[in-house]
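Visitor: I have a structure to look at and a few quick questions. Can you walk me through it?

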Amino acid sequence: TRKESSAASDVYKRQGLTSFVNNDAGQAGKALIVGWATVGGVHTAKSVAKTSDNVAAARIMGEYQVVVVKKDSKYKTLKNLVDDLKKQKKKLAIAGGSLGTIDHLTTADIFKKIGLKTTDMNYVPYSGGGQTATAVLSDAKISAGIAGYGEFASFVEAGTMRILGISSDKRIAAIPAKTLTEQGVKVTSVNWRGIVLPKGTAEAGRLKVMQALDTVYGSLTWKKTMLENSWIPSYQFGPAFGNFIKNQERTIPAALKSFGL
């Protein structure tokens, strides 16, 4: 089932982080990609291992969330969808990533800002963006989808999906969408991803990785990748990134607890 698939995804994330913390400590040539979902997954799975147990190298990018519908949806604007949500509540299913992800939190925030309760949500979790996109396009029971823009970009560009709103504080030139805020739903959210190294990594080792990443950030290839994916420059290095992770480990669980997770 969809919930089982979501739960399995959470298990894989937890096992990956736990394995990295327990088995890769002090090893050279090892790195782990982490993000909002890693921190949220630790909370929802009640994992002992934490993202901050590792050595922070760098936060590398950010990505805004978008609300999408398929091209022939009756919802032409965000207001159309909001009006129906207020009338039908749980009768309208919203697809997104696993329980406890930023997709889930953004959905909950939208419901709160339009005057509904999070218990009014019919949030249908999927283990990945590909499955979410497929559900939006082919499952008649799904009214809309929420995920990072990159998950839906190819479908938007092909004209098979339409964006109703983006969670940025101002419009993004490369993304054809009004912000949620300018349409009366005052929600902003941004996903992030970064690189951590095994616990016990020497400072000299972290510096080498940071220097390598600094070279990557300055390259034309990386700039092209950022542009193509409409990612946000969100670089943060070393101790500053480590402090950011610890702060996320406080704020994300608090946000998830606010709607029962």
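**A buried serine and its loop**

Guide: Ser168 lies in the loop between strand E6 (161-166) and strand E7 (190-197). Strands (at least two residues) and helices (H or I, at least four) are DSSP runs, numbered from the N terminus. This is a predicted model, where local features need pLDDT of at least 70, side-chain atom pairs count only at pLDDT 80 or more, and totals for chains, interfaces and linings use all residues. Residues are numbered from 1 along each chain as its sequence is written, and side-chain values use heavy atoms, leaving out hydrogens and water.

Visitor: Is Ser168 buried or exposed?

Guide: Ser168 is buried, at a relative accessible area of 0%. Buried means under 20%, exposed over 50%, and partly exposed in between (1.4 Å probe, protein chains only).

Visitor: Which residues does Ser168 touch?

Guide: Leaving aside residues up to four places away in sequence, Ser168 touches Tyr64, Thr179 and Thr188. Contact means heavy atoms within 4.5 Å. Also, a polar atom of the Ser168 side chain lies 2.7 Å from the backbone oxygen of Lys170.

Visitor: New topic. Where does Lys46 lie, and what is its phi?

Guide: Lys46 lies in the loop between helix H2 (36-45) and strand E2 (55-70). Its phi is near 55 degrees, a positive value in a residue other than glycine. Most residues other than glycine have a negative phi. Lys46 is exposed, with a relative accessible area of 71%.

Methods
A polar contact is a pair of N or O atoms within 3.5 Å; within protein, one must be able to donate a hydrogen and the other to accept it, and residues adjacent in sequence count only if both atoms are side-chain atoms.
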